[in-house]
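The following paragraphs walk through selected features of the structure shown below. Please keep the sequence and the coordinates in view while reading.

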Amino acid sequence: MSGNSEQAAWTPDSWKTKPIKQDVVYDNPEELSTVLTRITNMPPLVSATEIDRLRAQLKDVAEGHAFLLQGGDCAESFDYCNPTAIEDKLKVLLQMSLVLLWGLRQPIVRIARMAGQYAKPRSSPFETVDGKQIMSYRGDNVNSIDPAARRPDPQRLMSAYLHSAATVNYVRMLLSAGFADLHRPEAWDLGHVRNPSIRREYQSIVNRLTDSLGFMDVIGATGQTAVSTVDLYTSHEALLLDYEQALTRPVAKASQTQARRGTYEPATPPRNRLAPELCDFYNMSAHFIWIGDRTRQLDGAHVEYFRGVRNPVGVKVGPTMDPAELVRALGILDPLLEPGRVTLITRYGADKIAKYLPAHIEAVLATKHQPVWCCDPCHGNTTTAPSGHKTRSFDAIISEITDSISIHQQLGSRLGGVHLELTGEHVTECTGGSMELSHSDLPSNYQTFCDPRLNYEQSLDIAFKIAKVFETRREESHIS
């Protein structure tokens with residue numbers, strides 16, 4: 001399937017005609033309506049211009065000219081909206097991207113799981129706490145993690161908007177003030193690396209990086225903005241469609257923009273409302289949104305909503321997705337065959353990737369679609385430690401990434417990115433890595449209220465490992 005010509009016309013609320021999964025039922029519909037109206041009248045969080053810039057960069061990724069790094073918390077808490085947490089997350093993503101830039105010799109597209117990743121899909125609407133059945137925690141934009149406050153509260157949608165706006169604003173301020181300066185010396189403290197041989201390997205990479213930057217400075221190849229600012233985009237799983245619809249805004253198409261105001265491109269609904277066919281609709285809650293594994297039904301509300309927005313979109317792909325279903329999903333979401341319009345975020349598990357990924361790749365290669373292939377090596381490798389803590393093995397995560405690179409290469413495809421659950425904090429939630437964390441270390445600083453995250457050190461480890469894989473492959477290709 002390569003088109004959706006048989007589908008009904010799309011509108012921002014046409015999803016309401018479809019069956020929906022992971023829906024939230026509020027006991028006060030009037031209050032919900034009031035909150036959604038307020039959000040609809042609030043300014044957008046991102047601009048159409050920024051979204052279009054990301055579209056162009058993901059096209060480059062799909063065509064093999066760039067690499068995608070997407071990362072952040074499993075689910076954000078409103079408490080994470082503070083300067084330290086935001087700076088730590090931004091710092092680790094920027095440092096990882098610089099290591100990847102060196103290893104791949106390609107531009108890195110950076111997308112953060114932040115400024116909106118508040119919703120949490122659940123396998124059951126209820127859970128048992130202290131022998132009592134209560135509503136499941138659905139994320140800070142729905143209810144509280146406090147068992148006494150599990151009633152879905154519409155006001156939390158407005159809180160989600162405000163916390164997202166504050167986060168986006170602070171990120172913009174940091175980047176404009178030079179936070180992304182590549183010369184920041186404190187970036188490269190490798191004291192956490194316990195294994196001497198690994199430390200020497202990492203230090204060698206850092207030394208070559210800094211030498212390259214110094215050489216570029218000497219010859220004048222780095223302007224002020226080239227080394228001090230970067231693009232960083234926001235993303236989240238678009239789970240609560242009422243909220244997403246409230247931040248979906250019409251923007252005049254290019255032909256209408258020129259006819260109306262020259263180069264003016266409105267970031268809000270046109271003052272003189274145009275007919276829908278003269279507009280593109282952008283989800284302005286984030287630059288990039290994705291459909292989760294539990295909500296990707298082809299006849300469902302989420303796929304219906306996603307097919308109509310102008311944003312680049314992601315789809316989680318795992319063992320339960322049949323290759324034919326994957327092709328049909330691409331037909332619905334990418335009817336115009338735009339490279340990079342869809343990012344396929346694969347999540348199998350290190351022990352299952354060899355069984356399922358090849359068939360998915362071959363099915364897509366048989367079409368004219370050019371998606372971004374992005375490996376999520378975290379979700380499929382979640383286990384339970386003897387202490388009862390949910391955890392993930394660093395070795396399993398690296399194994400899934402390297403196997404994904406190899407399988408794509410063998411089939412004439414290309415892994416275009418990685419999607420990681422991480423934090424810039426020094427938590428102890430995943431085992432392994434250069435800190436050599438074990439199960440016994442988990443309780444020392446286990447902070448997550450959702451899934452386990454790679455800590456700052458393990459995240460850098462991932463970047464170094466990926467960079468080394470691509471460096472080795474590049475050297476081998478030169479020899480051959």
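Ser440 is exposed, since its relative accessible area of 61% is over 50%, the limit for that class. In this predicted model, Ser440 belongs to the loop between E14 and H13. Its side chain makes a polar contact of 2.8 Å with the side chain of Ser438. Pro386 is 54 residues away from Ser440 along the chain, yet the two C-alpha atoms are separated by 8.8 Å.

The loop between strand E14 (417–421) and H13 also holds Phe449, whose partner Tyr80 lies in the loop between E1 and helix H3 (83–104). The aromatic pairs of the model, of which there are eight, include this one. The ring centres of Tyr80 and Phe449 are 6.2 Å apart and the planes meet at 45°, so the pair is classed as tilted; an angle over 60 degrees would have made it edge-to-face, and one under 30 degrees stacked. Because its partners sit in these two loops, the pair ties together parts that are 369 residues apart in sequence. Tyr80 is buried at a relative accessible area of 16%, whereas Phe449, at 22%, counts as partly exposed; the limit for burial is 20%.

A further pair involves Phe67 and Phe470. Here the planes stand at 70° with the centres 5.9 Å apart, so the arrangement is edge-to-face. Phe67 is in strand E1 (residues 67–72) and Phe470 in helix H13 (residues 456–479), so this contact joins parts that are 403 residues apart in sequence. Phe67 is buried, with a relative accessible area of 0%, and Phe470 is likewise counted as buried, at 18%.

Trp10, Phe281, Tyr305 and Phe306 are linked by ring pairs into a cluster.

The last topic is helix H1, which comprises the 12 residues 29–40. From its first C-alpha to its last, H1 reaches 16 Å, close to the 16 Å expected at 1.5 Å a residue. Its buried residues are Leu32, Val35, Leu36 and Ile39. Viewed down the axis of H1, these residues fall within an arc of 100°, so they line one face of the helix. The elements against which the buried residues of H1 pack are helix H4 (155–176), helix H7 (241–246) and strand E6 (248–252).

Technical notes
Residues are numbered from 1 along each chain as its sequence is written. This is a predicted model: local features need pLDDT of at least 70, side-chain atom pairs count only at pLDDT 80 or more; totals for chains, interfaces and linings use all residues. Side-chain values use heavy atoms; hydrogens and water are left out. Helices (H or I, at least four residues) and strands (E, at least two) are DSSP runs, numbered from the N terminus. The expected span of a helix is 1.5 Å times one less than its number of residues. Buried means under 20% relative accessible area, exposed over 50%, partly exposed in between (1.4 Å probe, protein chains only). The arc is that of the directions from the helix axis to the C-beta atoms. Contact means heavy atoms within 4.5 Å. Rings of Phe, Tyr and Trp (its six-membered ring) pair if their centres lie within 6.5 Å; planes under 30 degrees apart count as stacked, over 60 as edge-to-face and the rest as tilted. A polar contact is a pair of N or O atoms within 3.5 Å; within protein, one must be able to donate a hydrogen and the other to accept it, and residues adjacent in sequence count only if both atoms are side-chain atoms.
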